Amino acid sequence: PEAYGLVEPGIHRSNILHSINFPFISSLNLKTVLYLSSEGLPRAVQQFLEERQTKLIHLGLKAWKPDLSWKPISEELIKEGLEIVLNVTNHPIMILCTSGIHLTGTLVGCLRRLQNWNMTAIVDEYRCYAGNKSRFTHEQFVEFFDVDLVTLPAALPAWFLDQAQVAEEEEELLSTWEKENWVQDSSKPAFLQYYFAISGPLVSPGVKFSQNSLCDDDDMD
């Protein structure tokens, strides 16, 4: 498929399937197809999935929103979609939408949020598939999506658990470093003490500022 990609082991993404794609799709031995578009799948695709005994989950009708919210997709769709995608009992799974870009890209972007990717990397991946068809509202949706809405399934993929453990260990190391290196200095504003204690200088040591470029005490309100 034109917009095919491997998201993580056991998770694939694609645009709408066509008969020419069937031999490749067969090689993936998919257990589940998660379809996000509101339109129905072509009959040939439905029959192909039935013959392969691949479970089809059509969440697309929940993408339609009757209100005038700026959000291009319902949070319920993304929440349910993520819970299905992260359930390893559904793997191998393929995420589908008509274009393979906007709905699929938004769901994958929110998955990356759960994986603690930074927004720059998330947007880069979205635009890699979207090209000049990228939509700012979808990028905004990913940025502001409340990941706490997602109930993580009991059967999580090994790679997700490994990444969560690494993130937890890094957080513990940072917390330990902060406690060991924190030095109270009453001559500096509290925010400067905190920032420089955990992050270091804003620029490299070779960069020099004139005294006039620094804010006065009166500017630190």
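**Close-up views of a predicted model**

The largest cavity has a volume of about 50 Å³. The model shown here is predicted, so to speak of local features a pLDDT of at least 70 is needed, side-chain atom pairs count only at pLDDT 80 or more, and totals for chains, interfaces and linings use all residues. Residues are numbered from 1 along each chain as its sequence is written, and side-chain values use heavy atoms, with hydrogens and water left out.

View A. A cavity is a set of points on a 1 Å grid over the protein atoms alone where a 1.4 Å probe fits but cannot get out, and its lining residues have an atom within 4 Å of a point. Grid points are joined across faces, edges and corners, and the volume is the space filled by probe spheres set on the points. Two cavities of 30 Å³ or more are counted by this rule. Around the largest one you will find Gly 105, Thr 106, Gly 109, Met 119, Ile 122, Val 123, Tyr 126, His 138, Glu 139 and Val 142. Two or more lining residues come from each of α4, α5 (119-130) and α6, and α5 gives the most, with four. Helices here are DSSP runs of H or I with at least four residues, strands are runs of E with at least two, and both are numbered from the N terminus.

**View B. The second largest cavity.** This cavity has a volume of about 40 Å³. Its lining is made up of Arg 13, Gly 105, Val 108, Gly 109, Ile 122, Glu 125 and Tyr 126. The elements giving two or more residues to this lining are α4 and α5.

**View C. The five-stranded sheet.** Follow the open sheet in the order β1-β2-β5-β3-β4, with mixed pairing; two strands pair if DSSP finds at least two bridges between them. Because β1 (5-8) and β4 each have a single partner strand, they stand at the edges, and one side of each is left without a neighbour in the sheet. β3 and β4 run parallel, joined by four bridges, and Tyr 35 has His 58 in β4 as its bridge partner.

**View D. Helix α3 and its cover.** Within α3 (residues 75-85), Leu 77, Ile 78, Gly 81, Leu 82, Glu 83, Ile 84 and Val 85 are buried, meaning under 20% relative accessible area (1.4 Å probe, protein chains only). Among the elements covering these buried residues are β2 (11-14), β3 (32-35), β4 (55-58), β5 (93-96), α4 (102-114) and α6 (136-144).

Note on methods: Buried means under 20% relative accessible area, exposed over 50%, partly exposed in between (1.4 Å probe, protein chains only). Contact means heavy atoms within 4.5 Å. On a 1 Å grid over the protein atoms alone, a cavity is a set of points where a 1.4 Å probe fits but cannot get out, and a pocket is an open set with protein on both sides within 12 Å along at least five of seven lines; lining residues have an atom within 4 Å of a point.
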